Every structure is written in structure tokens, then in C-alpha cells.
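Hi everyone, thanks for coming. Have a look at the structure with me, and I'll talk you through some side-chain contacts.

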Amino acid sequence: MEKKMKFFVDTANIDEIRELNDLGLIDGVTTNPSLILKSGRNISEVTKDICSLVKGPVSAEVTAMDYDNMMRETNHLAKIAENICIKLPLTFDGLRACKVLTEKGHKTNMTLCFTANQALLAAKAGATFVSPFIGRLDDIDLNGMELIAEIRTIFDNYDFRTEILAASIRTVNHVKEAALIGADVVTVPAATLKQLVKHPLTDKGLEIFLADWAKTGQKIG
């Protein structure tokens, strides 16, 4: 099967999603309670709008901490659109919900992963995605990329189908390093995704070319 690194945008801002989707740069969207708060909109309404824009999976996160209420919230979220991916916390109740939802044919995203053991459990539960949080590990002087590498090795050892979704991306180097290690997906804030195209030598080169072109006095077309 052809391997393709996927880009998800980590936002609930409709304008950001529309712009990047129209450019063909994103394969899905991740949201969380903090991003829903930032959007200032009702979770069902904004999530429905996102799902109508993007063909790929849209992660919508439960807020309940116990299994019964997770499943209650899941029933609501899953009805929003067919491309909803249920985002669950990496706890025992979350794993239980993941297993049941996977058996029912739902996509799942196990979030707030900070160890390879947690990722292994998510894969055993049948998660579609597991989301290691790189930036938050870096914040406490651990190497988030080492976690991505550990998970990649474990998943390859046993042919787990769960995809590694590198999350809490803070820099363009995080994206590059995740790609070098072999993460299946990176979820990136819109501003960071746009920054991938930037380089000072590109800007300098364009400046020189345009200055020289102006001296020719020519026009194209």
C-alpha cells in the first residue's frame, strides 16, 4: 500500500480550515475543548460546518471521564457527520470506549498520549489514531520525538494498523522530524502549517529576481 504522510489542521476556525482545504493541503481536522472555546461557537454547529468542508476525518473530543457518559456523548457526536472521528482520553475508560466504538465501525483518536506503553494499549484497543503530544513533552525537558520513534518501532514490530498522529506540534522542525521518523499524520496549527513554505533564502532570491526583471522593462503576456 502506498504510504502518504497526512496533514491535519488543529483548529476549529472555519476560515482557516476553508483556506487550507481549498489549497489541498489538509487531509483532516482535529479539535479539542480549548479550540471549541476559542471558536466561540456551539460544538455541534461548528463541528458540522467543519465536516461539511473536509472529506477526511474530523476529530471531535468527548469531555466525559467515565465510560457511560463517554458513550452518551459519543452517540451525540457520531450523529453530526459520517466523517466524525471520536477523540477519547487515554485512560482505561477511554480504552474501553475505544474498543466498543471500533467494533461498531467508528473511527477513534486516543489523545493525550505521553508514553509508548499508552500507545501500545491504544493499538490493542483498535484505535484508528493515537496522538502523542510532542510539544508538551518538550516543555518538561523530555524529547517528544523519541516517543514518536519508540511508537513507530513498536507498531512496525507487530504490524499494528493504528496510525501515529503527531500532536502538540510547535515548530516546523517538529513536522520535519516527525516525517523523518515515519509518523503517519501530523496535526498542526494553521500558522505553523503555512510557515512550512517559508525560508529567508527563498524570499531573498525572489527579491533579486524581481529587481532584475524590473530592469528589463519587460512584461509577460
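**Rings, charges and a helix**

Let's start with Phe 155, which is buried, at a relative accessible area of 1%. For that word, and its relatives, I use a 1.4 Å probe on protein chains only: buried is under 20% relative accessible area, exposed is over 50%, and partly exposed is in between.

A quick word on where this comes from: it is a predicted model, so local features need pLDDT of at least 70 and side-chain atom pairs count only at pLDDT 80 or more, while totals for chains, interfaces and linings use all residues. Residues are numbered from 1 along each chain as its sequence is written, and side-chain values use heavy atoms, with hydrogens and water left out.

Back to the rings. A search of the whole structure turns up 4 aromatic pairs. Rings of Phe, Tyr and Trp (its six-membered ring) pair if their centres lie within 6.5 Å; planes under 30 degrees apart are stacked, over 60 edge-to-face, and the rest tilted. Phe 155 and Phe 160 make an edge-to-face pair, at 5.7 Å centre to centre and 70° between the planes. Tyr 158 and Phe 160 are tilted instead, with 6.2 Å between centres and 50° between planes. So what do ring pairs link into a cluster? Phe 155, Tyr 158 and Phe 160. As for accessibility, Phe 160 is partly exposed at 22%, and Tyr 158 is exposed at 59%.

There is also a charge over a ring, meaning NZ of Lys or CZ of Arg within 6 Å of the ring centre and within 35 degrees of the ring normal. Here Arg 96 lies over the face of Tyr 67, 3.7 Å from the ring centre.

Now salt bridges: a side-chain nitrogen of Lys or Arg within 4 Å of a carboxyl oxygen of Asp or Glu. The structure holds 12 of these salt bridges. One of them joins Lys 87 and Glu 61, with the closest N and O atoms 3.8 Å apart. Lys 87 sits in strand E4 (residues 84–89) and Glu 61 in strand E3 (residues 58–61), so this pair ties together parts 26 residues apart in sequence. My helices (H or I, at least four residues) and strands (E, at least two) are DSSP runs, numbered from the N terminus. Are Lys 87 and Glu 61 buried or exposed? Both are buried.

Asp 139 and Arg 170 also meet in a salt bridge, at 3.0 Å, N to O. Asp 139 is in helix H7 (residues 134–139), and Arg 170 is in the loop between strand E7 (163–166) and helix H9 (172–181), 31 residues apart. Asp 139 is partly exposed at 49%, and so is Arg 170 at 41%. Elsewhere, salt bridges with shared partners join Arg 152, Asp 156 and Asp 184 into one network.

Last stop, helix H6 (residues 116–124). Its buried residues are Ala 116, Ala 119, Ala 122 and Ala 123. They cover an arc of only 115° around the axis, which puts them on the same side of H6; the arc is that of the directions from the helix axis to the C-beta atoms. The face turned away from that buried side carries the exposed residues Asn 117 and Lys 124. What do the buried residues of H6 pack against? Helix H5 (92–103), strand E5 (107–113), strand E6 (129–132) and helix H8 (144–158), where contact means heavy atoms within 4.5 Å. After H6 comes Gly 126, with a positive phi near 90°.
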